[in-house]
Amino acid sequence: MNRIPPNLIPVINGYLRSAPVNVAGMANDFGLSIFESDLANGVSGAIIRDETYKTPSGFVIFVNSKEAYVRQRFTAAHEIGHFVLHKDKIGNGIEDNYLLRSSELSTATEREANKFAADILMPYDLIESYVAQGVSTVPALAKLFEVSEIAMAIRLGHPT
């Protein structure tokens, strides 16, 4: 998380102490609101600049209401990543398409947002803490962290 503005690190770290990480709370602390929306098929979410929502930041996140809760959490964290890491590139909005990710951003930018999402939803230190307490299977950890089993397996370096 070396590209995160230093003033935001304490806010983020405050959320990484227990599972599941409160993604909505983190978004709120950054002046963002998250809404479920009936987005087009294949579109997981978007972050847009829209003053009509009157958020402190001027940005709002939408997640696809048709997708699983764990996918919505990852998408919201991914979009927070764009806000934190790529705010200057958002312009009128970044649409997060889980097949193509985005035609407006480079693959590297999408990877950075994905890594940010994984880092905040599944912090290694917190995973290690729960493993030391006996929560050690992929399904149990995924349930505790409210992420998909595939996401947790990838995080732990297991083949999928």
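In this predicted model, α3 supplies the largest share of the lining of the second largest pocket, namely four residues. Two other elements, α2 and β1 (33–37), also give two or more residues to this lining. The residues that line the second largest pocket are V21, N22, V23, A24, I34, F35, E36, V63, Y69, Q72, R73 and A76.

The largest pocket is lined by 15 residues, of which R71, F74, S148, I150 and A151 are the closest to its centre. Here α7 provides the largest share of the lining, with four residues, while α3, α4 and α7 each supply at least two.

The interior may be considered next. In soluble globular proteins, nonpolar side chains tend to be buried together. The largest nonpolar core of this model has 42 residues, and F30, L32, I80, V84, F145 and M152 touch the most other members. Two or more core residues come from each of α2 (23–29), β3 (59–64), α3 (69–90), α4 (107–121), α5 (124–132), α6 (138–145) and α7 (149–155). The element that gives the most to this core is α3, with eight residues.

M152 illustrates such contacts in detail. When residues up to four places away in sequence are not counted, M152 touches M122, I127, V138, L141, A142, F145 and V147. F145, one of these partners, is also among the core residues that touch the most other members.

Terms used:
Residues numbered from 1 in each chain as written. Predicted model: local features only at pLDDT ≥ 70, side-chain atom pairs only at ≥ 80, totals over all residues. Heavy atoms only, no water. Core = buried A, V, L, I, M, F, W, Y, C linked by side-chain atoms within 4.5 Å. Buried < 20%, exposed > 50% of the residue type's maximum accessible area, 1.4 Å probe, protein only. Contact = heavy atoms within 4.5 Å. 1 Å grid on protein atoms, 1.4 Å probe; cavity = no way out; pocket = protein on both sides within 12 Å on 5 of 7 lines; lining within 4 Å.
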